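Me: I am new to this structure and would like to learn how its features are read. Could you take me through them one at a time?

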Number of protein chains: 2
Amino acid sequence: MSLGAGALTLLPVTGIGEVRRGDRLGALVARAVALHDGDVVVVTQKAVSKAEGRVVPIDESDPDARLALVAAESVRLLRRRGDLVIAETRHGFVCANAGVDLSNVEAGHAVLLPLDPDRSARRIRAEIRRASGAEVAVIVSDTFGRPWRRGLTDVAIGCAGIAAVVDLRGTPDAYGRELRATEVCVADELAGAAELVMGKAAGVPAAVVRGVDPSLLRPGSVRAEVVRSASEDLFR
Amino acid sequence: MSLGAGALTLLPVTGIGEVRRGDRLGALVARAVALHDGDVVVVTQKAVSKAEGRVVPIDESDPDARLALVAAESVRLLRRRGDLVIAETRHGFVCANAGVDLSNVEAGHAVLLPLDPDRSARRIRAEIRRASGAEVAVIVSDTFGRPWRRGLTDVAIGCAGIAAVVDLRGTPDAYGRELRATEVCVADELAGAAELVMGKAAGVPAAVVRGVDPSLLRPGSVRAEVVRSASEDLFR
């Protein structure tokens with residue numbers, strides 16, 4: 001019987017309300033919840049983009065309007081089937097509609113991805129430090145599909161103060177053999193875990209993960225660690 | 001300030017030790033940790049496969065031996081680059097080396113995927129019920145790569161007593177607009193979350209997720225809900 005050591009807790013951050021352009025999201029989170037050093041704060045891309053003013057008007061009655069927006073946000077279109085476009089964004093993310101999203105935003109508007117989600121995470125982290133004194137890590141999450149598995153999961157599109165990928169290569173396994181190629185994308189696992197307490201329709205823009213292994217809390221970047229270049233990609 | 005409601009807790013299950021062929025994994029988990037009704041128990045594929053005897057001898061000095069095993073476990077080879085083969089297993093999973101794994105097993109042996117991981121999950125669930133009386137859900141997890149993102153994450157390959165994919169289509173978003181195509185793969189998010197407390201080299205074969213939304217706790221199947229058929233796949 002052993003419990004306790006190594007436990008993680010996930011908490012939804014409620015009471016933030018609607019996020020508006022110019023809001024300091026880090027300050028809003030710090031006001032809504034008592035943060036501790038070492039907490040990982042996961043904030044949704046939707047909230048980050050709204051705070052950063054990445055919302056554009058769109059004529060929803062024009063079937064080409066969305067596709068034009070998607071094309072403007074993309075560097076490469078990978079596949080198209082009906083309404084669905086799989087595109088590579090300028091950040092290197094491969095996702096549906098290049099992240100252009102018409103849900104959970106005022107009618108007649110679309111939300112675009114942050115220009116630099118790692119930078120967004122760093123800014124929110126600094127805002128939290130200023131507002132609360134707490135040294136937290138920050139992950140910006142978004143909801144992506146996967147080619148061979150149904151259903152969406154939340155993944156990290158930006159991070160600060162936490163490793164995105166942890167390289168366990170060279171760590172002996174339980175048999176003393178050296179583990180090969182075990183690089184774990186902890187940022188994506190944390191983003192997905194946070195989704196479980198945030199939900200999609202509930203208007204909860206952030207979650208706190210408490211108890212994360214302190215060895216993960218170092219400078220990190222989704223763009224540098226997670227984005228796979230087209231040259232090393234077998235499926236682009 | 002609001003915390004508490006909707007919180008999730010993740011606990012590693014330690015003290016199980018090495019799993020051997022014929023072990024009743026559910027009974028081992030139930031003995032190692034006090035389980036509550038509504039808990040989700042995540043067990044690793046490695047432990048499940050060992051308990052089910054899905055371990056085969058392999059001549060590690062023969063470079064073709066592993067490839068022959070991979071081919072035997074596959075219905076389709078998608079890509080090959082050097083040592084890495086991306087294959088579709090008979091279950092419909094697309095993953096590296098069709099799940100054939102030489103880590104965390106005795107030298108000279110390889111671990112194969114369970115023949116029917118949903119059935120494995122159902123059996124473990126029944127074993128837990130018998131051993132403890134607790135009505136839990138069970139997810140069998142494995143570590144998969146992703147085509148466009150570096151780093152591996154744990155995903156669900158089998159489940160019992162919990163939805164694999166939750167369909168939020170038709171649920172109004174925070175603006176009252178109907179959400180479209182928001183099917184969340186909660187089983188994968190739970191598997192990834194569990195990885196965060198299990199680690200790769202630590203020999204922890206299970207984790208408990210406590211506080212999962214009770215509406216998710218219904219009959220589920222990874223094969224039926226998550227596996228995407230080749231015909232609806234844009235990348236196979």
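**Reading the model**

Reply: Let us begin with a helix lying on a sheet: helix α4 (residues 117–132) of chain A lies across β2 (40–44), β8 (137–144) and β9 of chain A, and runs at about 70° to β9(A). Helices (H or I, at least four residues) and strands (E, at least two) are DSSP runs, numbered from the N terminus. Axes are lines fitted to C-alpha atoms, for helices over the stretch in contact, and angles run from 0 to 180 degrees between N-to-C directions. Residues are in contact if their C-beta atoms, placed from the backbone, lie within 7 Å.

In chain B, helix α1 (residues 25–32) packs on the sheet and touches β1 (8–13), β2 and β12 (206–210) of that chain, its direction making about 120° with that of β2(B).

Me: What kind of model is this, and how are its residues and chains labelled?

Reply: This is a predicted model, in which local features need pLDDT of at least 70 and side-chain atom pairs count only at pLDDT 80 or more, while totals for chains, interfaces and linings use all residues. Residues are numbered from 1 along each chain as its sequence is written, and chains are lettered from A and ligands numbered from 1 in the order in which they are written.

Me: How do I read the sheet, and what is its strand order?

Reply: Two strands pair if DSSP finds at least two bridges between them. Here an open sheet of 10 strands, with mixed pairing, has the order β9(A)-β8(A)-β2(A)-β12(A)-β1(A)-β1(B)-β12(B)-β2(B)-β8(B)-β9(B). The edges are taken by β9 (153–160) of chain A and β9 (153–160) of chain B, each with a single partner strand, so one side of each is left without a neighbour in the sheet. On average, and with direction ignored, neighbouring strands of this sheet are turned by 25° against each other.

Me: In which sense do β1(A) and β1(B) pair, parallel or antiparallel?

Reply: They pair in the antiparallel sense over three bridges, and A:Thr9 stands opposite B:Thr9 in β1(B). Within chain B, by contrast, strand β2 (residues 40–44) and strand β8 (residues 137–144) pair in the parallel sense over five bridges, with B:Ile139 in β8(B) as the bridge partner of B:Val42.

Me: How many residues of chain B are in contact with chain A, and which element gives the most?

Reply: In chain B, 63 residues are in contact with 63 residues of chain A. On the side of chain B that touches chain A, at least two residues each come from β1, β4 (74–81), β9, β11 (183–184) and α5 (186–198) of chain B, and α5(B) gives the most, with nine residues. Of the interface residues of chain B, 100% are also interface residues in chain A, so the copies meet through the same surface.

Me: Is B:Trp148 buried or exposed?

Reply: A residue is buried if 20 or more other C-beta atoms lie within 10 Å of its own, exposed if 12 or fewer, and partly exposed in between, with C-beta atoms placed from the backbone. B:Trp148 is found in the loop between β8 and β9 of chain B and is buried, with 24 other C-beta atoms within 10 Å. Leaving aside its neighbours within four places in sequence, B:Trp148 is in contact with A:Val94, A:Arg228 and A:Asp233.

Me: What should I look for in the phi angles?

Reply: Most residues other than glycine have a negative phi. A:Ala98, however, has a positive phi near 50°; A:Ala98 is placed in the loop between β6 (94–96) and β7 (109–111) of chain A and is buried, with 26 other C-beta atoms within 10 Å. In chain B, the phi of B:Asn97 is near 55°, again a positive value in a residue other than glycine, and B:Asn97 counts as buried with 20 C-beta neighbours inside 10 Å.

Technical notes:
Contact = placed C-beta atoms within 7 Å.
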